[in-house]
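Hi,

Here is the structure you asked about. Please open it alongside this email, and then read my notes below.

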Amino acid sequence: MFRSIIIGITVLGFACLAAACSDDGTTTTVRTTEPEPQATLAVSTNDPSLDQVIIEALARNDIELAGLTGYQTRPCGPIGAAGEEPECREDEEPGTEVEVLAGSSCTNAWVRPETVPDAFRLSLAPDDPTLLAVYVPNYGEGTFGGGFGATAVAVFATGSRVDGTPKGVSMHILDGRVVWLQNDCANVSELLSPDRIASFIIEPTAPAGG
């Protein structure tokens, strides 16, 4: 009889490990889930915030990248007037301070927050991006916004244009935020011009195109 009581208590104890036992004798099932594995880079920059931007870019996660954007606050200029400032909207007076992301290709431009996800999506198309290199920039005189304070640049190949030329994009990054989205004008090789580079954080891993 005593042995049966001991066995019964032991079985109840094991049951309470699998389910939460309350004082009134009822049980509540406890389910645990494993956390989603965090994506990692084949080669790390040794800066987690910089790695995270690269990971989201490789995944073409434009929404997450929009959340990792560093905006500039600039006074807007008159509608239709060419200039270095973002164009005002119809309900904005010239000189109104607005938030924008610096963007460029053959010309410099500004991207309003609501269209930033589209800017990332289009910049990372048409193919799955591949990381070409990460470097510390050497911004020369006349660089758009002086580089906006970026301390690292991640360069991605993103496929080819209809004429077959390889295309790509550089993300200029400060403290884990993309402060300048720079598309190449004619060929991805422009983005790895030696005069842009002070030193490499991740050395080039693939040809940038001819």
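Arg74 is partly exposed, with a relative accessible area of 25%. This is a predicted model, so please read every value here as computed from it. Arg74 pairs with Glu85 in a salt bridge. Their closest N and O atoms are 3.2 Å apart. The two residues come from distant parts of the chain, eleven residues apart. Arg74 sits in strand 3. Glu85 sits in the loop between strand 3 (72–75) and strand 4 (97–104).

**Other salt bridges**

The count comes to six salt bridges. Side chains of opposite charge can pair when their charged atoms come close. Two more are worth a look on screen.

One of them joins Asp184 and Arg161. The closest N and O atoms there are 2.4 Å apart. This pair also links distant parts of the chain, 23 residues apart. Asp184 lies in the loop between strand 9 (177–183) and strand 10 (197–202). Arg161 lies in the loop between strand 7 (152–160) and strand 8 (166–174). Is Asp184 buried or exposed? Asp184 is buried, because its relative accessible area is 2% and the limit is under 20%. Arg161, at 24%, is partly exposed.

Another joins Asp128 to Arg60, at 3.4 Å from N to O. Here the partners are 68 residues apart. Asp128 is in the loop between helix 4 (116–123) and strand 6 (130–137). Arg60 is in the loop between helix 2 (48–58) and helix 3 (62–67). Asp128 has 59% relative accessibility, so Asp128 counts as exposed. Arg60 has 30% and counts as partly exposed.

**Disulfides**

How many disulfides does the structure hold? There are two.

Cys76 is joined to Cys88, with an S to S distance of 2.0 Å. The link of Cys76 and Cys88 is right-handed, with 90 degrees about the S-S bond. Both cysteines lie in the loop between strand 3 and strand 4, so the pair ties together parts that are twelve residues apart in sequence. Glu85 is in that loop too. Cys76 is buried at 4% relative accessibility. Cys88 is buried as well, with a relative accessible area of 4%.

Cys106 and Cys185 form the other disulfide, their sulfur atoms 2.0 Å apart. This link is right-handed, with 95 degrees about the S-S bond. Cys106 lies in the loop between strand 4 and strand 5 (108–111), and Cys185 in the loop between strand 9 and strand 10, so the pair ties together parts that are 79 residues apart in sequence. Cys185 is partly exposed, with a relative accessible area of 36%. The loop between strand 9 and strand 10 also holds Asp184.

**Aromatic residues**

The count here is six aromatic pairs. Phe144 and Phe148 make one of them. Their ring centres are 5.1 Å apart and their planes stand at 90 degrees, so the pair is edge-to-face. Phe144 is buried at 8% relative accessibility. Phe148 is buried too, with a relative accessible area of 11%.

Phe148 also pairs with Trp180, again edge-to-face. The distance is 6.1 Å centre to centre, with 70 degrees between the planes. Phe148 lies in the loop between strand 6 and strand 7, and Trp180 in strand 9, so the pair ties together parts that are 32 residues apart in sequence. Trp180 is buried, with a relative accessible area of 4%.

Which residues form the aromatic cluster? Trp110, Tyr139, Phe144, Phe148 and Trp180 form one cluster.

**Confidence**

The mean pLDDT of the chain is 85. Of its residues, 78% reach 70 or more. Over residues 1–22 the pLDDT is below 50. Beyond near neighbours in sequence, that stretch has eleven contacts in the model.

Best wishes

Terms used
Residues are numbered from 1 along each chain as its sequence is written. This is a predicted model: local features need pLDDT of at least 70, side-chain atom pairs count only at pLDDT 80 or more; totals for chains, interfaces and linings use all residues. Side-chain values use heavy atoms; hydrogens and water are left out. A salt bridge is a side-chain nitrogen of Lys or Arg within 4 Å of a carboxyl oxygen of Asp or Glu. Helices (H or I, at least four residues) and strands (E, at least two) are DSSP runs, numbered from the N terminus. Buried means under 20% relative accessible area, exposed over 50%, partly exposed in between (1.4 Å probe, protein chains only). A disulfide is a pair of cysteine sulfur atoms within 2.5 Å. pLDDT is the predictor's confidence in each residue, from 0 to 100. Contact means heavy atoms within 4.5 Å. Rings of Phe, Tyr and Trp (its six-membered ring) pair if their centres lie within 6.5 Å; planes under 30 degrees apart count as stacked, over 60 as edge-to-face and the rest as tilted.
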